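Visitor: Could you walk me through the pockets, the cavity and the helix packing of this model, one point at a time?

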Amino acid sequence: MQKRSSTSGLLRRRPRPRQTEISEKRRLIVMIAMSLGAFGIGTTEFVSMGLLSMIAEDFQITEDTAGVVITAYALGVVVGAPLITALTGMIPRRRLLLILMAAFTIGNGLSVFAGDYEVLLVARFIAGLPHGAYFSVAGLSAASMAPVAQRGRAVAFISMGLSIATVIGVPAAQALGSALGWYTAYGLVAVIGLITIAALWFLMPHMTQMRPTNPRTELGALKRSQVWLTLAMGTVGFGGMFAVYTYISWTMTEQAGLDPSWIWLVLMVYGIGSVAGTWFGGRLADRNLEFGILFSLIMIAAVLTSFYFTSMHPVLGVVNFGLVGFFGTSLVPSLQIRLMDVAGDAQTLAAALNHSALNLANAAGAAIGGMVISAGFSYSAPALAGTALALAAILVWGPTFFLRRRQLARRAESTEPTTESA
């Protein structure tokens, strides 16, 4: 009997610790596990752009039609981010992260076995659904575990996974897809998803400091003007980067005269800039949140204007493109932290909406850049359109900042103790 009891004790799963019970080392390891999920998401989001020609050839469709797979994924992000976060507020954060990564893995797994174009569209939509919710919950979890003065760095650490994906994950998946078939690229992403699930299962603590919410509470974020203004800054200010990124291959080959075989280096420089920019943005958010956003927007306008002129030169153009990635991504951690601050109890939905806004910026920036080129301007011209978007975001920042400061002043006055006159 004693032996049987001992055996059952060995088979019983050890209970996961609470977030307040883990060491600093364990917190770092958990953040690496969550960042691995972001790495997988970043890989699947960007690798599709390089697989379109192979997908079109396999299904006997045009590349324009194949491009809808990117739209399907983006639509999944835009729909899934607010919907999932609003309806899952009562689910413990650890369990929700596992569910979201499982859905992501299933969507990419279905992409591997898609026998026709329509099934692939459905699979990409499913893969995109947990994108925004995962970044929201993972970012908030990282911030909840971190000291208050390090919240920006914690959120940036999770986002770093997506930036690193543009340097390592996307080229690796692209090479695998080119060698063995486009579907193997999604297979690699599914494997990353499975590894992330296992890591979170064994390492993620119970997030006892993150209170459950209901749909009414989460949807309350939509009543807050500061949430909408922050999202507007992200949607408008971030769009300029994608106005340039979408057409970078043509810009560097047609305008700068770069050999097409070097485009991989152009994209890698951008990815390295994004990694460094994410790191820098986290520290910027911790140092001065409001003016950090303003600084990023000013620098985005500056580097996009500079790119219009340097894009005529291959070396200067590539270096400047790296700076576009640096200052563009430096904006993201500050926006995420600001949404957490202004959303009240609806932080999860607000943080998820940030990723919906960034995907809308992606689509809007690409569309605006396309319209500029279609109007007869050069491939360098979308950079100036991006500058205009960054300046428009600065115009949004002004009233947003002063309105927030007035709200905080009124709140401070209402909480001051009153004294009765003698």
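**Pockets, cavity and contacts**

Visitor: Which residues lie nearest the centre of the largest pocket?
Guide: This is a predicted model, and what follows should be read as computed from it. The lining of the largest pocket comprises 41 residues. Those that lie nearest the centre of the largest pocket are Phe46, Met49, Gly50, Ile70 and Thr246.

Visitor: Which helix gives the most to the lining of the largest pocket?
Guide: At least two lining residues come from each of helix 2 (24-59), helix 3 (63-66), helix 4 (68-87), helix 7 (151-180), helix 10 (225-245), helix 11 (248-255), helix 12 and helix 15 (347-374). The largest contribution to this lining, nine residues, is that of helix 2.

Visitor: How many charged residues are in the lining of the largest pocket, and what volume does that pocket have?
Guide: The lining divides by class into 25 nonpolar and 12 polar residues, with four charged residues besides. The space within the largest pocket amounts to about 1500 Å³.

Visitor: What is the volume of the second largest pocket, and which helix gives the most to its lining?
Guide: The second largest pocket has a volume of about 410 Å³, and its lining of 19 residues has Leu140, Gln209, Met210, Arg211 and Gln347 nearest the centre. Two or more lining residues come from helix 6 (117-145) and from helix 15. By class, this lining holds seven nonpolar, seven polar and five charged residues. With three residues, the element that gives the most is helix 6.

Visitor: How many residues line the largest cavity, and which are the closest to its centre?
Guide: The structure holds one cavity of 30 Å³ or more, and about 330 Å³ of space lies within the largest cavity. It is lined by 22 residues, and the closest to its centre are Phe46, Leu162, Phe238, Val332 and Leu358.

Visitor: How many charged residues are in the lining of the largest cavity?
Guide: Helix 2, helix 6, helix 7, helix 10, helix 12, helix 14 and helix 15 each provide at least two residues of this lining. Sorted by class, the lining residues comprise 11 nonpolar and 10 polar, and the number of charged residues is one.

Visitor: At what angle do the axes of helix 12 and helix 14 cross?
Guide: Helix 12 passes helix 14 in a right-handed crossing. The axes of helix 12 (residues 263-287) and helix 14 (residues 314-342) come within 6 Å of each other, and they cross at roughly 35°.

Visitor: How far apart are the closest N and O atoms of the salt bridge of Glu24 with Arg27?
Guide: Four salt bridges are found in the whole structure. Glu24 and Arg27 are separated by about one helical turn, because they are three residues apart in helix 2. In the salt bridge that Glu24 forms with Arg27, the distance between the closest N and O atoms is 2.4 Å.

Technical notes
Residues are numbered from 1 along each chain as its sequence is written. This is a predicted model: local features need pLDDT of at least 70, side-chain atom pairs count only at pLDDT 80 or more; totals for chains, interfaces and linings use all residues. Side-chain values use heavy atoms; hydrogens and water are left out. Axes are lines fitted to C-alpha atoms, for helices over the stretch in contact, and angles run from 0 to 180 degrees between N-to-C directions. Helices (H or I, at least four residues) and strands (E, at least two) are DSSP runs, numbered from the N terminus. A crossing is left-handed if the near helix is turned anticlockwise from the far one by less than a right angle, and right-handed if clockwise. On a 1 Å grid over the protein atoms alone, a cavity is a set of points where a 1.4 Å probe fits but cannot get out, and a pocket is an open set with protein on both sides within 12 Å along at least five of seven lines; lining residues have an atom within 4 Å of a point. Grid points are joined across faces, edges and corners, and a volume is the space filled by probe spheres set on the points. Ala, Val, Leu, Ile, Met, Phe, Trp, Tyr, Cys and Pro count as nonpolar, Asp, Glu, Lys and Arg as charged, and the others, Gly among them, as polar. A salt bridge is a side-chain nitrogen of Lys or Arg within 4 Å of a carboxyl oxygen of Asp or Glu.
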